[in-house]
Protein chains: 2
Amino acid sequence: MTRASTRKPGEAAGDDQAAVPRRLLEHATKLFAKKGFDRTSVQEIVEAAGVTKGAMYHYFGSKDDLLYEIYARVLREQTRQLESVASSDAPLRERLAAAASDVVVSSIDNLDDNTIFLQSMHQLSPDKRKAVRAERRKYHERFRGLVEEGQATGEFRTDKPADVVVDFFFGSVHHLGSWYRRGGTLSARQVGDHYADLLLDALRPPG
Amino acid sequence: MTRASTRKPGEAAGDDQAAVPRRLLEHATKLFAKKGFDRTSVQEIVEAAGVTKGAMYHYFGSKDDLLYEIYARVLREQTRQLESVASSDAPLRERLAAAASDVVVSSIDNLDDNTIFLQSMHQLSPDKRKAVRAERRKYHERFRGLVEEGQATGEFRTDKPADVVVDFFFGSVHHLGSWYRRGGTLSARQVGDHYADLLLDALRPPG
DNA sequence: GTCGCCATACCGACCGGTCGGTGTCCAAAG
DNA sequence: CTTTGGACACCGACCGGTCGGTATGGCGAC
């Protein structure tokens, strides 16, 4: 039960003994996604993670903090990924298609985070919610930049405001969790490619 | 049905003489949308509606019941509307466009219900949630029928599964509440027409 | 009288967060 | 080498408060 090895706290260890904060975050994510933030008690989280409340409140200021950290991690990762794809030197259509497909794949790979984002955002404290929204907004704006780039060159239709198109698309993405099931007929990448095709084709100039 | 004769002694009758169950549902909807289901106490609801807990538990079996009734009402209305549009004798593309635009407009007209649907579905008791899902499923299937009809005639592309397209579209619709604000530059109908265009154009056969 | 409608007082079950305490490790002092 | 002190990581009983739900009783209508 008690660890026999001498190991620095906060550092990852062997596969059987992950750091406490990480374990907490991991199990909290699962429980929040399954039962919702308010329905999940701190007691349940710490029991799942195999620690006690004392440990949790040692690392996190509040239950709210736990939720915020989950958001922040996902946002950082998605933003990093988008930036990497969007700033490559591939043709615009390919960059947009890759960005669209990738965000679908990463959303499916991490359906729990997606679900939490959808259902528990409004349960964050106002200031933390504001911070999350600001980050999310930056992400959307970067994505919208790609659409506007194509509209400027005439590759994409200009009769639809770019932000409407972006909101249209991300609505679909955020809702993957409500219908996608692992083990179904479609892989994450297949769904991503379908979604990217639908977006790109919806953006073709009319006529 | 109307109880004009019985007045509360402590409180002025005011202009709203609506029946108690209706008032409860109305205020519950607003509060659930604003604060979330779990964060709204029964006490708050009955105070907003100007009654007491006794009255509420006389008409509704539980707080859960209140949420269920809100869902059921919205679903009934949307299903009725879709059926009416889908079964007209207009050309297929027009029927699908009208159905798409209408569901956007009605979702915007009733953003509160939309928000609740999005955030509080998983807080329903399992059996009630099952009932709601079943109804929702019927709605989607009717909508999907329109897409499949167009695929059969060759009007729509056949390289995308109809259910993927439908989930893609309804993801967007369900997420209207997270970005649409009244008083913005776009009217509900304008957004509806944009969304319908994007859907229809995404369905054009490729090439 | 009794039946629908509702007010009020109250209950038991949590829940988030706190706080005094414990075990362990390490570094400096003796 | 041994002692000591104290920083860090964690434990778990406990507290104030809230919540959904209920028991009971009153009151007007028939």
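Modeller: A crossing counts as right-handed if the near helix is turned clockwise from the far one by less than a right angle, and as left-handed if anticlockwise. The model is predicted, so local features need pLDDT of at least 70 and side-chain atom pairs count only at pLDDT 80 or more, whereas totals for chains, interfaces and linings use all residues. Residues are numbered from 1 along each chain as its sequence is written, with chains lettered from A and ligands numbered from 1 in the order in which they are written.

The part I take is α5 of chain A, residues 92-109, where helices are DSSP runs of H or I with at least four residues, numbered from the N terminus. The crossing of α5(A) with α9(A) is right-handed, and their axes come within 8 Å and cross at roughly 140° (lines fitted to C-alpha atoms over the stretch in contact, with angles from 0 to 180 degrees between N-to-C directions). The two helices are therefore oblique to each other, a word kept for angles that are not under 35 degrees (roughly parallel), over 145 (roughly antiparallel) or 65 to 115 (roughly perpendicular). From α5(A) the contact takes A:R93, A:L96, A:A97, A:A100, A:S101, A:D102, A:V104, A:V105, A:I108 and A:D109, and from α9(A) it takes A:A188, A:R189, A:V191, A:G192, A:D193, A:Y195, A:A196, A:L199 and A:L200, contact being C-beta atoms, placed from the backbone, within 7 Å. By class, twelve of these residues are nonpolar, two polar and five charged (Ala, Val, Leu, Ile, Met, Phe, Trp, Tyr, Cys and Pro being nonpolar, Asp, Glu, Lys and Arg charged, and the others, Gly among them, polar).

The other partner is α4(A), residues 63-86, whose axis comes within 9 Å of that of α5(A) and crosses it at roughly 160°; these two helices are therefore roughly antiparallel. This crossing, too, is right-handed. Here α4(A) contributes A:Q78, A:Q81, A:L82, A:V85 and A:A86, while α5(A) contributes A:R95, A:A98, A:A99, A:D102, A:V103 and A:S106, and the residues divide into six nonpolar, three polar and two charged. A:D102 is listed in the contact with α4(A) and also in that with α9(A).

As for the surroundings, 26 residues of chain A are in contact with 26 residues of chain B, and α9 (188-202) is one of the elements that give two or more residues to that side of chain A, alongside α6 (111-120) and α8 (162-174). That side has ten nonpolar, nine polar and seven charged residues.

Definitions and conventions: Two residues are in contact if their C-beta atoms, placed from the backbone, lie within 7 Å.
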